[in-house]
Amino acid sequence: MRMSHTRPARPQDEESLDAAKLELGEDFHDAECLLISEVKVLLEAQYDSKKEEKNLDETYIKTLEYVQQFSRYTNRDTIKEVRALLKPTELEPFECAQLGNLCCSEYDEAKTLVPSIGSKISDDDLDSLLKQMDSLKKYQG
């Protein structure tokens, strides 16, 4: 006998969510978007106290392993510098986090992976921003 697995019904509004158009849903309306590197710093800062309290659950450990693997920036100063580069742009926080996490090498790649950027930033300005972020990543101490 085969059991069928059904997915819970999704509210009608959720089906219209589209990150490419920055339609992220109410939960993300005023949310600050973090870089994976920032999440890594936060989780590592909690690690010792959680370990002492024997409060390291599987979700915490798997999340820590994930951010350690995919973090692009290894020190806090570099993370601050990347944030400072992204802040004065006309981009939304979600778009800034995506650029910081993806570390695209070409402006057309960035616009393909984060289509909501559209014409908010010129190709030349985006290319310059990506090159500065790449330089920070390469020469972080």
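Modeller: A disulfide is a pair of cysteine sulfur atoms within 2.5 Å. By this rule, the count here comes to zero disulfides. This is a predicted model, in which local features need pLDDT of at least 70 and side-chain atom pairs count only at pLDDT 80 or more, while totals for chains, interfaces and linings use all residues. Residues are numbered from 1 along each chain as its sequence is written, and side-chain values use heavy atoms, with hydrogens and water left out.

Colleague: Is Cys96 buried or exposed?

Modeller: Buried means under 20% relative accessible area, exposed over 50%, and partly exposed in between, using a 1.4 Å probe and protein chains only. Cys96 counts as buried because its relative accessibility is 6%. Cys103, with a relative accessible area of 19%, is buried as well. Of the 141 residues of the chain, 30% count as buried.

Colleague: How many helices and strands does the chain have?

Modeller: Helices (H or I, at least four residues) and strands (E, at least two) are DSSP runs, numbered from the N terminus. The chain has six helices and zero strands, which gives the pattern α-α-α-α-α-α along the sequence.
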